[in-house]
Amino acid sequence: FIPSQSYLGDYTGEVITPNVARNLLETPKSPINYILAVREHSIRGELLTVINATSMGNEYRYMNHSCSPNVVLLVAREESAVPRVSCWTSRDVEGGEELCFSYGEGTGGVMCCCGAGVLCRGELPFEVF
């Protein structure tokens, strides 16, 4: 059992440019990737940071998508050019329940199998940055 609003850990990996990420997604060596695009909005506009956890990430890269997630990713900057992406439970999580977060908005043409019933959007979110 993990109570709601519990800190789980940080999503980590190598910070790469959007161009490098696009190249990795267009010419995959494997159908699996662990690329996370973090969009931050401020008075100065939007800032995009891309984290590739494929070879340098931790266990949080294995979290799957759900249209009804039990984990949220919170982004903060602590005197660094690289944001800290921390994973927090958004509700109580029962023992044996899979930890999952929403991959974002939009659809990418790949069928979603999250099992969220009527809350499922039917397709995995995907956005080319």
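1. Tyrosine 103 is partly exposed, at 39% relative accessibility, whereas phenylalanine 101 is buried, with a relative accessible area of 6%. Buried means under 20% relative accessible area, exposed over 50%, and partly exposed in between, with a 1.4 Å probe and protein chains only.

2. The model is a predicted one, in which local features need pLDDT of at least 70 and side-chain atom pairs count only at pLDDT 80 or more, while totals for chains, interfaces and linings use all residues. Residues are numbered from 1 along each chain as its sequence is written, and side-chain values use heavy atoms, with hydrogens and water left out.

3. The structure holds 3 aromatic pairs. One of them joins phenylalanine 101 and tyrosine 103, whose ring centres are 5.3 Å apart and whose planes stand at 55°, so the pair is tilted. (Rings of Phe, Tyr and Trp, the last by its six-membered ring, pair if their centres lie within 6.5 Å; planes under 30 degrees apart count as stacked, over 60 as edge-to-face and the rest as tilted.)

4. Arginine 61 lies over the face of tyrosine 34, at 5.7 Å from the ring centre. The criterion is NZ of Lys or CZ of Arg within 6 Å of the ring centre and within 35 degrees of the ring normal.

5. Strand β4 (residues 45–52) runs antiparallel to β2 (residues 14–16), to which 3 bridges join it; here valine 15 stands opposite isoleucine 51. Strand β3 (residues 35–42) is also antiparallel to β4, with 8 bridges, and arginine 39 faces leucine 48. Between β3 and β4, which form a hairpin, there are 2 residues. Strands are DSSP runs (E, at least two residues) numbered from the N terminus, and two of them pair if DSSP finds at least two bridges between them.

6. Which residues lie nearest the centre of the largest pocket? They are Ile35, Leu36, Tyr103, Gly104 and Pro125, out of 31 lining residues. Strand β3 gives the largest share of the lining, 5 residues; β3 and β6 (71–76) each supply at least two. (On a 1 Å grid over the protein atoms alone, a pocket is an open set of points where a 1.4 Å probe fits, with protein on both sides within 12 Å along at least five of seven lines; lining residues have an atom within 4 Å of a point.)

7. Glutamate 97 is placed in the loop between β7 (84–89) and β8 (100–101), and is partly exposed at 28% relative accessible area.

How values were computed:
Helices (H or I, at least four residues) and strands (E, at least two) are DSSP runs, numbered from the N terminus.
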